[in-house]
Amino acid sequence: MMTTLRIAFLPLTDVAVLAVARERGFAEEEGISLDLVRTTSWATLRDRLVFGQVQAAHMLAPLAVAVTLGLSQQGASLAAPYKLSVNGNMLVMACDFAQALDPDIARRLHDPLGTAHDFAAAIGLWRRKPVIGVVHRFSSHAIMLRYWLASAGVDPDRDVILRVLPPSLTTEAMRAGEIDGFIAGEPWGSAAVEAGLAEAVAVGERIWQRGVEKVLTFRTDWLEANPAIADRLLRALARSAAWCDDASNHAALAHLLSDPRYVDQPAELIQRALSGQIVARMGMAPLSMPDFMLFAREATAFPWRSQALWIYSQLVRWKMVDHSPANMANAAGVFRPDVFRRALADSDVALPGASMKVEGAVNTPLAVGSKRGELTLGPDRFFDGRVFDPERIDDFLAGFDAAQQDFAP
Amino acid sequence: MRIVIIDDSGLRATVLEEGLREAGYDDIHIVPPRGAFVARLERMAPDVVLMDLGSPSRDTLEEMLTVSRALARPIAMFVDQSDEAMIGAAIDAGISAYVVDGLRKERVKPVLELAVRRFNAFARIQTELEEARTALSDRKIIDRAKSILIHQRGLSEPDAYALLRTSAMNQGKKIVDVAQALVTASDLLGGSA
């Protein structure tokens, strides 16, 4: 018997795994009929999930944590047993702003630390406090931008203006001069580059080599009440993700996502992120970034609890939530490696033995303990060399305070 | 009570505003979600903000509600979280409502109920318009198919229609689909009708 599941999503390249699960029959093989509900704001996606209009959502990982902690309108306990993507974000700035940065774009993108310092200097040269678009207060993009700016002593709440706007309106806002740049998921950065309005200033995979991005999110009560359906969905998604990661499918995938029901942007733009061929400035030859966006390899989909805690550490750092044992436990509990393991126990997906790891500690591909087969983790360093040990959050946070004091006058 | 409607569709906002005025609310403002709408909204200091759930600008609005210093009192979505039926009806109708803290539930509920009714009525009108439009284009296709049959097979108009209908029934299709197939085939074969 077919089970119909409604899942809300935003038009972004990283909806790929859900779209393919539906369009290539992976969901159907598991007896699931996917009804994907296109949504244009994170607020509406959140409301549809929290108030039960959909059973699951393609959600920003920090938003799932924030809703659970009661930070974003109506609170609800959310559960994310599956990561839909890793990496995929790009910061683009107006071309005249970027003139103050390293003109060699490959070098600029390769050296986020140097570029952050150049960016700090460029702020003073700009005609106003730069207005940078972010897709949501509780987005990986905003958190990553804050982390990157602060590394060069820029206070994101004082030295720049962060303006929230949905990805689909970014190009229009650039054209109208309402924002000077923005950080968003693809294909929106590429769309602004292609329109000649902006050029790439930083890419996610160079800031955090394996940055947590979108997660499949359920209400916890629904997930607990429907374990068998959730397991079937996860198995379908795992097969879909493997298909999405296969380079020989990227052209077909880009074509599929270009459909008005999904991203509604040209396939050529969408394929850049999928293939890791990034055009950083209009007319330039693409730069090769093989880790620009990941779906399946290296157990990408596995929801490491340490990554939920990393998000939590950043919310605490920016004073968006009080640091307390209860908040920390609730944040960690949003990621559900237990459900992932249960659902994929009999599949050929590699299952990490641990649920937490030290984030930012892998320099070169590393073989790790796995229940089945080989599992190699890719390098996951932060550009500033920091290491996040989820057992020592206080030390990690204290490190930022000390660094901030270095910049104090 | 000051009510601000944030809406791109002029017609829907008007439908809602009329309803609210008829019900005796007179401090109503419509703001399209473009440009510096957030700054305008701050100056207006609304008690209730109504917005289409489908508007991409909701994230921008919520951020403003989170950080604004101009709005003295916090604004939260929906008046009473315990009123699940009301919230469900609002979401089904496609409305998000933001209400200043401290405004009594009894005062906001009628506004929200009215908004739900008006949004639903508007959606119905839209659907009916769409259906009317489809019916009109269906009619045109069927007329063309009939005309092809009349000219090429020498049938009378009732016979042409009966033939289309019988074919549709035999194939388990809609008449308009059979007619469309006929028109397409005729175009491909260079027929004129």
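Predicted model: local features only at pLDDT ≥ 70, side-chain atom pairs only at ≥ 80, totals over all residues.
Which residues are buried in helix 7 of chain A?

Residues are numbered from 1 along each chain as its sequence is written, and chains are lettered from A and ligands numbered from 1 in the order in which they are written.

Back to the question. The buried ones are A:Pro112, A:Thr115, A:Ala116 and A:Phe119. Buried means 20 or more other C-beta atoms within 10 Å of a residue's own; exposed means 12 or fewer; partly exposed is in between; C-beta atoms are placed from the backbone. Seen down the helix axis, these buried residues fall within an arc of 105°, so they line one face of helix 7 of chain A. That arc is taken from the directions from the helix axis to the C-beta atoms. On the other side, A:Ala121, A:Gly124 and A:Leu125 are exposed.

Now chain B. It has seven helices and five strands. Helices (H or I, at least four residues) and strands (E, at least two) are DSSP runs, numbered from the N terminus. The order in chain B, from the N terminus, is β-α-β-α-β-α-β-α-β-α-α-α.

What about overall dimensions? The C-alpha trace of chain B spans about 80 × 35 × 25 Å along its principal axes. And how much is buried? In chain B, 31% of the 193 residues are.
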